Every structure is written in structure tokens, then in C-alpha cells.
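Please look over the sequence and the three-dimensional model below before reading the report.

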Amino acid sequence: MKGMKNIFAGRWGIIGVGVIIGILAPLLQKLGNPGNMGICVACFERDIAGALGLHRAAVVQYIRPEIIGFVVGSLIAAYLFKEFRPRLGSAPIVRFFLGVFAMIGALVFLGCPWRAALRLAGGDGNAILGLLGLIFGVWIGTLFLKGGYNLGRTQQTQPAAGWMLPLFMVGLFLLMLVFPQIEGKEKSGVLFYSLKGPGSMHAPLAVSLMVGLFIGFLAQRSRFCTMGAIRDFVLFRQSHLLSGFIALIVTAFIANFILGQFKAGFAGQPVSHTMHLWNFAGMALSGLAFCLAGGCPGRQLFLSGEGDGDAAIFVMGMIVGAGIAHNFGLASSPAGVGPYGIPAVIVGIAVCLFIGFTMRKRIA
Amino acid sequence: MSKTVDARGLSCPQPVLMTLDEIKTGGADEIIVLVDSDASKENVSRAAENKGWNVAAITEKASGYHITIKKG
């Protein structure tokens, strides 16, 4: 299929993918996923961290099959179209910490860019602050990019290295089969399952997995990226990826309306708080970290599926970051920011600025 | 005059930034951009066309793609 022109690389391709995600995410919510959380890459990775016991916040523990599907769906597309390219070595440790702080910022806001879009499409006004923060963070990132910031070249490596994250995902899926959820039990074998809260709310496993695989496939082909959408517009005035992101928001808004899931307002929105400054700042930190790492959390999963070991490191950073955020009171809750959320955002921004100012080695 | 931009091993937006820098510097009316991923190939082609340049040829090599762009 190599010779075939990539239809998803065109304007209508990326818009089509945005529309499809905009339909599927509200449907996942209808089928059981938490409010305005049909898909949230950060939240779902946090739930995976909880299911593995990396944190013990009882309300957010579930191996989310959507995430498994994102990586494996991308892997399938990459192999089918001969784009699987095992590579790594572009400042992995820096990417790890960018992942950690991207997650901490996302958990102060309570969502990644995907969920910020879905929250807006569900009528949650707090998402406006989050999206403004995201734009601000990405804008800061583009200033570094213009100033010569880069994480250096990757190197080709053995296919097995590119398989590490996909295999980890397959492993998580096998764990779910070996230790399935037991009604009324908070633990099944080595896995934790939430009995209440967002972690207890999920669409049927097979549906979540199939939707994940489908989106993973489409996103690999179209290079869908919510951070790139903003970055490319700010940096080059290019609206290619942005048109996909906007298509997602508009479609999800219509879908929510039809499904009766639209509720406008600031207070009492599902899994959200109304501390505007920290909604803004949390997402600004995330946006900056995503921009410095070259992709939104979804894109990092899709890149991992095509064999990008550096993106895989970022993903692992996010999962570890979720453990840190919930173990040490950095993550927000509907009551507001956690006891150490505010200093964590400040430290995170300082770390990202340090990385932005220092990683500017000339490309040989 | 032809110039070469080697963006292999770099992920976006670097290949696009390097290509646009070379376009902006002027001098060259043909630029050959070396990339090693399909996403970079698409992005560089799209950015060049946005600047009014033509994608004259894309040849596949073992190490990726050679994209030849020409001033429109």
C-alpha cells in the first residue's frame, strides 16, 4: 500500500478524522465513560497508573482499553502502510520529565487537550480557561522553537525497541483478561478496579478497545495532533491540523446535543473545578511540555505505535507523573486544586523553561 | 543554485522550520530536503507549497526521502 497516496494527509482527511473522533467520544460517554471524558488521554493513563497500583486514589483505577487501542491501532496502520520505523535517542530523559510535568499540569486542570475540547463541547465553561492556557503554553513553546530549541536527532534501532510500548499495551490487555473486574471487588489479582468515581465508569471493554483501535489507525494515517494544531497555526499560520481539532469540537458539540449530554455552565460540571487561574496555569504547563516534546498525549501514543521509542519514554513519563500527582496531593479534584498542586505547577513551568532555554544545541 | 537541508532524524516541526529558513535566506531556487518519515515528507511538501514553491520530485531512498522543491 506504499504507493497509494495518503488520503488522510489532505485537508478533508484530517477534518474527517476530527469528525469521527467527535462522534465516537460522546458515544463512549453514552456507553459508560465518565462525563465529558469519552476520551481523555491523560485521565486514562492516570487510570492505568491507578489500576497498576502506582497510585492508590481509589476513584481512578481502571486499565483503559482505549489507550491500548490507540497504540496498537497505530502499530497496525504503520505496518500496513510500511511506516513502522524503530527509532530513539533524541534526549530520552528530557522527554521523560516533560511527560511527568505534562501529566501533572493536566491533572491540575483535570484533562488533556482532548478532554479540554470535549469539556467545551459538553458545555463546561472551565474548559475555556484550560484551552486558553493550552494556547498560551504552546505559544511559549513556539518562541523556544523559533530560538533554535530542539531535542536532537533520533537514530534507527532494532524493531524490538519500537515494539516496547506496543508490547507493554498488549501486556496490560492480557492482565485485564487474566484478572477481570469482579463485581463489588476493588482488586482482582494484581489489578485495582474503582468501585465508585470516574474509574468505575467505563464503556464495555470490547467497545472501548475497538474504538481505540479505529482511532489509533486513523490518527496514525492523518497525524492528528491537538497540540500541533495550535503550534502549526502560531508558528506557520498553517491551519491543516487545526481544522481537524476544530472539526472534533464542533462535531462533539452536535453529538452531545443530540445525545442529551450538553449542559452549559461553570459550576457542577463533571470531573472539573472552577479555580480559573489554575485551570489556565495547569494547561499552560501541559501545553508547554507537549510543545517541547513535539506532540499532544494522543500523538505521543500514535508515534509510539510507529516505533518511536522517544515518544514511548514520554508516555511512560506521563504514567509515572500520574503516580506522583496522586500520591503526593498534586492532582485536583472537583473540590479544587490539591494541597501541593500550585507549587507543582510552578516547579513544572520552571523545569520546562530550563529545558527550553538549554536544549538548543546546533544540529550537526 | 541548489541547496540541501538534512532533516533526517528530526521530528516536526524541525524539518519544516529548517526548510522555511532556507527559503527565507534566499539565494537558492532549488532546495533538496532530506527527511526520514512520511509525516515529515507531507509536512515539508505542504509548507513549501504554502510558500508558493513547487514540489518537483520526491525520491525514496534507503534512508528516507529526498524532496526537491523549486521556487514557483
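The report covers a sheet, the nonpolar cores and some backbone features of this predicted model.

## The sheet of chain B

In chain B, four strands form an open sheet with mixed pairing, in the order β1-β2-β4-β3. Strands β1 (2-6) and β3 (53-61) of chain B each have a single partner and stand at the edges, so one side of each is left without a neighbour in the sheet. On average, and with direction ignored, neighbouring strands of this sheet are turned by 20° against each other.

Within the sheet, β2 (residues 30-35) and β4 (residues 64-71) of chain B are joined by six bridges in the antiparallel sense, and B:Leu34 has B:His66 of β4(B) opposite.

## Nonpolar cores

The largest nonpolar core holds 117 residues, of which A:Ile39, A:Leu98 and A:Trp114 touch the most other members. Helix α4 (residues 92-109) of chain A gives the most to this core, namely ten residues. Apart from it lies another core, of five residues, including A:Val108, A:Trp278, A:Ala281 and A:Val337.

When residues up to four places away in sequence are not counted, the contacts of A:Trp114 include A:Ile21, A:Ile39, A:Phe70, A:Ile215 and A:Phe302.

## Backbone features

The peptide bond from B:Cys12 to B:Pro13 is cis, with omega near 15°, and B:Pro13 belongs to the loop between β1 and α1 (14-25) of chain B.

In chain A, A:Asn36 is not a glycine, yet its phi is positive, about 50°; A:Asn36 lies in the loop between α1 (11-30) and α2 (41-51) of chain A and is buried, with a relative accessible area of 3%. A:Arg223, also a residue other than glycine, has a positive phi near 60°; A:Arg223 is found in the loop between α8 (205-222) and α9 (226-236) of chain A and is buried, at a relative accessible area of 5%.

Technical notes. Residues numbered from 1 in each chain as written. Chains lettered and ligands numbered in written order. Predicted model: local features only at pLDDT ≥ 70, side-chain atom pairs only at ≥ 80, totals over all residues. Heavy atoms only, no water. Pairing = 2+ DSSP bridges. Helix = DSSP H or I, 4+ residues; strand = E, 2+ residues; numbered from the N terminus. Axes fitted to C-alpha atoms, helices over the stretch in contact; angles between N-to-C directions. Core = buried A, V, L, I, M, F, W, Y, C linked by side-chain atoms within 4.5 Å. Buried < 20%, exposed > 50% of the residue type's maximum accessible area, 1.4 Å probe, protein only. Contact = heavy atoms within 4.5 Å.
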